[in-house]
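Please keep the sequence and the structure in view while reading.

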Amino acid sequence: MDNLIAQCSQRLDVFLSSQLGISRNQISNLIKSTAVRVDGAVQTKPGYKLSVGELVHIDYPAPAPQQTSADRLNFDVEILYEDDDLLVVNKPAGLTVHPAASVKEPTLVDWLKSRGYLLSTLGGELRAGIVHRLDKLTSGALLVAKNNAAHAVLSAQLSDKSMGRIYLALIDLPLKEPCVIERPISRNPANRLKMGIVPGGRSAKSAFYEILSGAELSELQNSAERCDKILSTSASDSTAAGKSAGADEILNNRADNADKILTAKMSANETRAARLAENKFLNFKNPAQNYKLPPINLKSFNLVAAKLFTGRTHQIRVHLSSINRHILGDHLYGFKSENAKISRILLHAYLLYFIHPRSGKEVKICAGLPSEFLNFTTNQKVKDEIYEKILPTNVERYFSDTSGWLRYV
């Protein structure tokens with residue numbers, strides 16, 4: 001069930017498509033099924049002209065009887081957190097969140113129901129329990145409500161921004177500097193499959209921070225290779241012995257620097273939590289389908305963090321595209337030359353924080369990275385440096401003050 005208020009005079013199907021982020025064809029079917037009321041009266045005409053202030057109420061129809069066979073639901077989804085009111089899952093890339101007319105494969109909602117989870121009905125049966133959405137090819141932390149009371153409180157947090165999300169992504173070009181993008185988003189008038197920066201669209205705000213550029217990673221790789229070369233030199237050679245001592249010094253400096261970054265301005269509890277998180281990342285696991293990615297040239301990608309202040313459809317992808325940056329594997333908004341070989345979007349919902357609806361305490365959840373996301377580190381000697389930079393405490397700290405960042409409006 002959704003209640004929406006028309007902000008301007010426009011067609012009913014256009015309004016709902018932009019608000020819900022689904023195609024006009026799907027919206028048209030929804031309207032014709034008598035699921036939509038305007039100011040209390042059932043409206044079955046997709047072309048009905050809304051007036052400013054009219055209330056549009058949607059009663060989502062119950063899904064068809066479950067026809068998904070048990071063998072098609074024979075996969076696992078990692079549960080990151082669970083209690084009586086909610087759970088947080090690490091959604092695999094390639095798994096659609098909730099059923100729709102165009103979705104033929106099992107969804108996350110199907111999987112949750114098959115495992116006996118009780119879910120809220122506030123969003124209707126089709127979106128049972130789903131508090132916020134993730135695109136099919138995006139992986140990471142997704143919040144699910146088990147009852148309507150929790151769902152209502154959590155949905156309110158999405159609106160008042162007390163709930164937050166930070167993503168990690170690999171993009172094709174480096175950012176010039178950390179930036180905040182505040183550009184309105186709506187359905188792209190030239191391509192109904194895409195969203196775009198549209199004057200008069202819904203307000204949208206994102207912040208982006210470059211964690212590691214391809215050039216920096218190349219330098220780290222070269223440094224590691226020089227270290228290996230020094231260490232492999234025969235210890236019996238006097239010159240080599242001197243170089244080996246130099247290599248030891250380099251390695252010790254690395255360890256010292258890692259420790260400083262990890263513990264700077266952190267309490268003992270925060271330090272322990274960070275080290276536990278680091279250990280988790282060193283053991284990649286993802287119950288989802290493994291995507292085979294081609295070798296990626298080190299200089300062709302840049303690791304960035306993105307913080308969402310609003311939750312528009314394709315927001316990160318659209319905002320990056322507006323400054324000529326694209327996520328690797330994004331065939332819709334990016335370029336298809338090199339990215340055509342990548343079968344998933346390299347975007348991961350990494351950190352999720354919210355106020356618990358019952359206890360009132362802040363909850364922070366980190367979704368460990370899937371193995372295919374960081375397969376570019378295979379056979380490289382720089383994993384420690386990458387893990388250090390993406391420790392949850394460090395990623396949060398990147399966005400502690402965005403007041404002096406470059407702004408795009």
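Lysine 146 forms a salt bridge with glutamate 82, their closest N and O atoms lying 2.7 Å apart, where a salt bridge is a side-chain nitrogen of Lys or Arg within 4 Å of a carboxyl oxygen of Asp or Glu. Because lysine 146 sits in the loop between β7 (139–145) and α4 (148–160) and glutamate 82 in strand β5 (residues 78–82), the pair ties together parts that are 64 residues apart in sequence; helices (H or I, at least four residues) and strands (E, at least two) are DSSP runs, numbered from the N terminus. The model is predicted, with local features requiring pLDDT of at least 70 and side-chain atom pairs pLDDT 80 or more, while totals for chains, interfaces and linings use all residues. Residues are numbered from 1 along each chain as its sequence is written, and side-chain values use heavy atoms, leaving out hydrogens and water.

The whole structure holds nine salt bridges, including these:

| Pair | Closest N and O atoms |
|---|---|
| Lysine 146 and glutamate 82 | 2.7 Å |
| Arginine 317 and aspartate 135 | 3.0 Å |
| Lysine 364 and glutamate 396 | 3.0 Å |

Arginine 317 is buried, with a relative accessible area of 8%, whereas aspartate 135, at 24%, counts as partly exposed; buried means under 20% relative accessible area, exposed over 50% and partly exposed in between (1.4 Å probe, protein chains only).

Six of the eight residues of helix α8 (residues 315–322) are buried, so the helix is largely enclosed by the rest of the structure. Just after α8, asparagine 324 takes a positive phi of about 60°.
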